Amino acid sequence: MTLFDPEPPADRPRRRLVAEADGGARGNPGPAAYGALVCDAETGELLAEEGLPIGVATNNVAEYRGLVAALELARAIDPTAEVEVRMDSKLVIEQMAGRWKIKHPDLKPLALRAAALRPPAVTWVWFPRERNKRADALVNAALDGKPVTRSIA
């Protein structure tokens with residue numbers, strides 16, 4: 001097993017994780033933050049979370065920063081896990097799934113970082129904003145001066 005191509009031992013199935021991420025900017029660009037969390041796919045137990053301000057940025061940059069944080073959290077929990085990434089950013093999901101091109105120069109380095117953190121098995125899922133409440137709450141807490149520093153259970 002290597003850091004870049006992790007595989008679980010043959011006698012153990014891959015752990016399944018759900019990573020949720022969001023980003024937002026008050027103004028576009030404006031004060032921005034991201035939120036990321038990881039749960040066990042079987043039990044729904046919250047395993048890790050983070051919500052931090054990132055200064056002035058666009059909404060799309062904040063969304064990508066949330067994705068990077070979620071993938072870092074998932075990797076810290078289990079680098080061999082199968083991860084379902086859920087976001088309300090259609091742009092980020094479609095770009096990471098390879099269906100849309102990444103044209104904006106500010107997004108390219110973030111997309112490359114996310115690709116480097118890509119789990120061995122990943123599913124990209126877009127879902128409506130109203131279903132992304134937990135990650136959104138982390139974004140708003142960070143923007144309101146109540147950041148949630150990285151914690152992993």
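In what order do the six strands form the open sheet? The order is S5-S4-S1-S2-S3-S6, and the pairing is mixed. Strands (E, at least two residues) and helices (H or I, at least four) are DSSP runs, numbered from the N terminus. Two strands pair if DSSP finds at least two bridges between them.

This is a predicted model, in which local features need pLDDT of at least 70, side-chain atom pairs count only at pLDDT 80 or more, and totals for chains, interfaces and linings use all residues. Residues are numbered from 1 along each chain as its sequence is written, and side-chain values use heavy atoms, with hydrogens and water left out.

S5 and strand S6 (148-152) stand at the edges. Each has a single partner strand, so one side of each is left without a neighbour in the sheet. The twist averages 20° from one strand to the next. Axes are lines fitted to C-alpha atoms, for helices over the stretch in contact, and angles run from 0 to 180 degrees between N-to-C directions.

| Strands | Direction | Bridges | Facing residues |
|---|---|---|---|
| S1 and S2 | antiparallel | nine | Glu20 and Leu37 |
| S2 and S3 | antiparallel | ten | Leu37 and Glu49 |
| S4 and S5 | parallel | six | Val83 and Val122 |

Leu37 of S2 stands opposite Glu20 and also opposite Glu49 in S3. S2 is mostly covered, with ten of its eleven residues buried. Buried means under 20% relative accessible area, exposed over 50%, and partly exposed in between (1.4 Å probe, protein chains only).

**Turns**

The hairpin of S1 and S2 has four residues between the strands. There Gly27 takes a positive phi near 105°. Pro29 lies in the loop between these strands, S1 and S2. The peptide bond from Asn28 to Pro29 is cis, with omega near 10°. Most residues other than glycine have a negative phi, and most peptide bonds are trans. The hairpin of S2 and S3 has five residues between the strands, and Gly44 takes a positive phi near 80°.

**Core and helices**

The largest nonpolar core has 36 residues. Such a core is a set of buried Ala, Val, Leu, Ile, Met, Phe, Trp, Tyr and Cys residues joined through side-chain atoms within 4.5 Å. Leu17, Tyr64, Leu67, Val85 and Met96 have the most contacts inside the core. Among the elements that supply at least two core residues each are strand S1 (16-25), helix H1 (59-77) and helix H3 (108-116). H1 gives the largest share, eleven residues.

Contact means heavy atoms within 4.5 Å. Leaving aside neighbours within four places in sequence, Leu17 is in contact with residues including Val38, Leu47, Ala74, Ile77 and Val83.

H1 is largely enclosed by the rest of the structure, because 14 of its 19 residues are buried. At 1.5 Å a residue, H1 should span 27 Å, and its end C-alpha atoms are 27 Å apart, which agrees. The expected span is 1.5 Å times one less than the number of residues.

Helix H4 (residues 133-143) lies across S1, S2, S3 and S6, at about 140° to S2.

**A buried glutamate**

Is Glu94 buried or exposed? Glu94, in helix H2, counts as buried at 9% relative accessibility. A polar contact of 2.6 Å joins its side chain to that of Arg99. A polar contact is a pair of N or O atoms within 3.5 Å; within protein, one must be able to donate a hydrogen and the other to accept it, and residues adjacent in sequence count only if both atoms are side-chain atoms. Not counting residues up to four places away in sequence, Glu94 touches Arg99 and Trp100.
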